[in-house]
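Hi,

Here is the structure I promised to pass on.

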Amino acid sequence: MQFKDQIDFIRQHMKRNKLRVATTILAATMGCAFLIVLASVGFGLHQTITDDVLDNNMVTQIEVAGKTDGETEIAPADIPDAELQQIKEMEHVIAVVERNQPEAETQIVIGDRSTYSQVVLSSMEEEQKAGFALSEGKMPTKAEEVIVGYHMAERLRTEAEMEKEANGEEVGGFAGSLIGQTVELELTPFAAEGEEKAETSTWEFVVTGIAKEPAKDWMTDVTFYADSSWGPIFNEELGLEEGYKNILVYADELQNVGGITDALKEEGYYVYSVTEELGTMNVFFTALKAGLIFVGTIAVLIASIGIFNTMTMAVTERTREIGVMKAIGAQPKLIRKLFLMESAAIGLIGTALAVAISYGISILANWLVPIIVLSSLGEEDAGGISIVISTIPWQLVVIASAISIGVAMVSGWRPARKATQIDIIQALRQEM
Amino acid sequence: MIKIKDLQHHFKIGKKGNERHVPVLKGVTLEVGKGEIVAILGKSGSGKSTLLHILAGFMSPETGSVVVNGQETAALKESQQASFRLENFGFIFQNFQLMPGLSAFENVELPLKIKGMAEAERKMKVQKLLEKVGLEEVAGHYPNELSGGQQQRVSIARALITDAPIILADEPTGSLDSETEKEILLLIQSLNKKLGLTFVIITHDEEVAAVADRQYRLHDGELVKGEQRHAV
Ligand SMILES: Nc1ncnc2c1ncn2[C@@H]1O[C@H](COP(=O)(O)OP(=O)(O)OP(=O)(O)O)[C@@H](O)[C@H]1O
Ligand SMILES: [Mg+2]
């Protein structure tokens with residue numbers, strides 16, 4: 001029998017039992033759509049969180065949190081310069097930045113305006129190599145030149161303004177650009193409780209650049225970036241120990257981060273990078289997705305009972321016709337194929353409908369759920385975070401289709417075999 | 001063409017452990033040559049259908065052999081038997097056995113579809129045959145829209161469409177009135193003359209048997225030769 005005729009044949013059969021076939025397809029559709037929509041939540045959340053991680057991090061940044069030589073732990077500050085130099089010379093490493101923070105209360109003052117801040121001491125040369133981004137101005141070239149955070153200007157307030165703000169009023173901050181302005185840096189060593197406050201030391205700097213706006217609009221950057229040569233000077237003046245050192249290694253591209261991370265780990269460094277975070281997340285989400293697909297498959301299996309029933313009834317109903325076909329000379333193989341094709345067709349139509357419906361539900365969920373969630377939290381917008389509840393990548397469509405059509409064919413298998421085993425004589429004896 | 005030799009068959013009836021053997025065929029031997037019409041008569045329950053079913057390969061004989069066109073049919077596997085039937089036999093069943101969901105045209109077309117013939121060739125062939133058996137006007141009708149005689153003619157057309165050399169007919173006129181019966185018998189005779197088809201006709205009706213070249217009577221599990229052909 002030609003394939004086209006086989007298709008015609010099963011179409012004719014399906015038409016004859018429209019209602020029964022339609023309800024079976026409906027069940028298959030519901031099962032498959034349930035599977036897709038359920039798993040799409042796993043895919044959606046994974047995407048949301050991955051995007052969020054990539055958004056909130058310098059993705060090419062690898063943090064070195066210390067080292068072990070097998071026995072002793074070495075703090076970042078104690079890692080010898082020679083070893084950092086070695087890291088710097090690794091392939092795909094473009095810069096190694098050491099950031100220091102003096103353990104002191106920090107105040108920035110310009111005229112009658114001031115703000116709390118935090119000092120970051122770093123090599124400006126390395127920062128530039130690492131791709132330190134400015135929104136305005138240029139990188140410092142002299143030790144007395146500094147960069148300030150994006151929100152520094154608006155946070156510089158007079159005492160009157162600070163009071164107003166405390167009363168909930170809107171206040172402006174420093175008007176105009178800070179570039180070229182001379183600012184005072186006041187450092188006061190942290191005092192333990194009960195102790196008398198230590199004395200404040202003051203230095204003057206010229207602002208040459210403003211750092212780039214942070215990725216998220218809820219973040220505020222009021223950092224004061226100065227050259228690392230100031231570290232010893234501050235410490236001596238304030239009588240402080242060397243503070244915590246942060247070592248950041250920068251890769252040239254995201255795809256090389258994993259390799260560098262692994263190489264550093266091999267050497268005993270404690271490292272942390274986006275790939276690490278994504279790696280752990282991938283394991284978690286892969287497990288979650290597999291679990292959701294498994295639960296969804298149960299719905300497909302329930303639908304398959306319907307397919308089994310429909311096909312069994314179809315075989316029983318058509319016993320006489322099958323007998324005649326066999327008597328005329330149809331191969332048992334052909335009979336089996338026709339019935340398998342019919343159950344596969346039910347699975348196929350059900351899957352196609354399910355995919356279309358699932359995309360609809362997914363779009364609806366992505367639009368509706370954030371609105372419901374936000375309104376129940378009494379907020380207007382999600383603060384720049386885009387929440388994707390559900391995504392349906394093509395891989396999910398492929399997996400779900402394979403499961404649904406596979407299950408449909410498996411449930412059609414027994415009825416199809418039963419059809420091939422029909423006894424011609426018994427079948428011909430049946431009344432019309 | 002057909003050689004049946006010492007065919008024996010019995011049925012088991014009753015529950016297991018307490019079954020009874022009912023012999024139906026007790027050594028049937030029959031030869032049918034090409035272009036012959038052979039009629040097999042017998043009382044109801046005498047085993048006529050059983051004989052035909054074994055001949056067609058719907059079931060296997062216990063002992064004895066059936067050789068059709070030089071092929072021992074019992075030696076074939078199920079799938080080979082299906083192909084063999086498709087090539088060699090056309091069937092006319094007692095109660096027509098048409099597909100209720102197919103039109104007259106599609107019913108006749110079905111064996112060619114099973115054979116895998118291309119659509120254009122197939123349609124032409126069916127059209128021609130329907131004209132020959134006088135059904136062109138009801139080609140689009142479904143079986144429940146046809147008279148008994150028309151249904152039987154559809155069923156004959158379906159048996160003929162594959163150009164099989166042997167037509168096996170089980171009570172071809174069983175459910176028809178005598179007028180229509182005559183029509184069908186004339187059709188069978190003319191097909192036999194024009195196309196040289198071989199017919200094995202099972203009947204309990206003497207008038208039907210009368211169109212045969214040879215008649216046999218199945219009695220008590222044995223085949224007895226009957227009288228020669230009369231004019232219809
Ligand atoms: N599957 C079966 N199991 C047991 N006995 C059977 C079976 N099929 C037929 N028989 C018996 O075999 C005998 C012959 O049956 P068969 O159908 O061949 O008769 P027949 O000559 O065709 O009769 P009719 O003219 O009524 O069609 C009958 O007695 C019947 O009861
Ligand atoms: Mg009979």
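Ligand 1 lies between chains A and B. Please keep in mind that this is a predicted model, where local features need pLDDT of at least 70, side-chain atom pairs count only at pLDDT 80 or more, and totals for chains, interfaces and linings use all residues. Residues are numbered from 1 along each chain as its sequence is written, chains are lettered from A and ligands numbered from 1 in the order in which they are written, and side-chain values use heavy atoms, with hydrogens and water left out.

**Around the ligand**

The shell around ligand 1 has 13 residues, of which Ser44(B), Gly45(B), Lys48(B), Ser49(B) and Thr50(B) come nearest (a residue is near if one of its heavy atoms lies within 4 Å of the molecule). By class, three of the shell residues are nonpolar, six polar and four charged (Ala, Val, Leu, Ile, Met, Phe, Trp, Tyr, Cys and Pro count as nonpolar, Asp, Glu, Lys and Arg as charged, and the others, Gly among them, as polar).

A polar side-chain atom of Ser49(B) is 2.7 Å from an oxygen atom of ligand 1. From the backbone, an N or O atom of Gly45(B) lies 2.8 Å from a ligand oxygen, and a polar atom of Ser46(B) is 3.2 Å from a ligand oxygen. Taken alone, ligand 1 exposes 640 Å², and the protein buries 67% of that (accessible areas by the Shrake-Rupley method with a 1.4 Å probe).

Which elements give two or more residues to this shell? They are strand 1 (2-13) and helix 1 (48-56) of chain B, and helix 1 gives the most, with three residues. Helices (H or I, at least four residues) and strands (E, at least two) are DSSP runs, numbered from the N terminus.

**The two chains**

Chain B comes to seven helices and 10 strands. The C-alpha trace of chain B spans about 55 × 40 × 35 Å along its principal axes.

Chain A has 13 helices and 12 strands. Its radius of gyration is 35 Å, well over the 22 Å that the rule gives for 432 residues, so chain A is more spread out than a compact globule. Along the principal axes, the C-alpha atoms of chain A fill a box of roughly 110 × 55 × 40 Å.

Best wishes

Notes
A polar contact is a pair of N or O atoms within 3.5 Å; within protein, one must be able to donate a hydrogen and the other to accept it, and residues adjacent in sequence count only if both atoms are side-chain atoms. The radius of gyration is taken over C-alpha atoms; the globule rule is 2.2 Å times the number of residues to the power 0.38.
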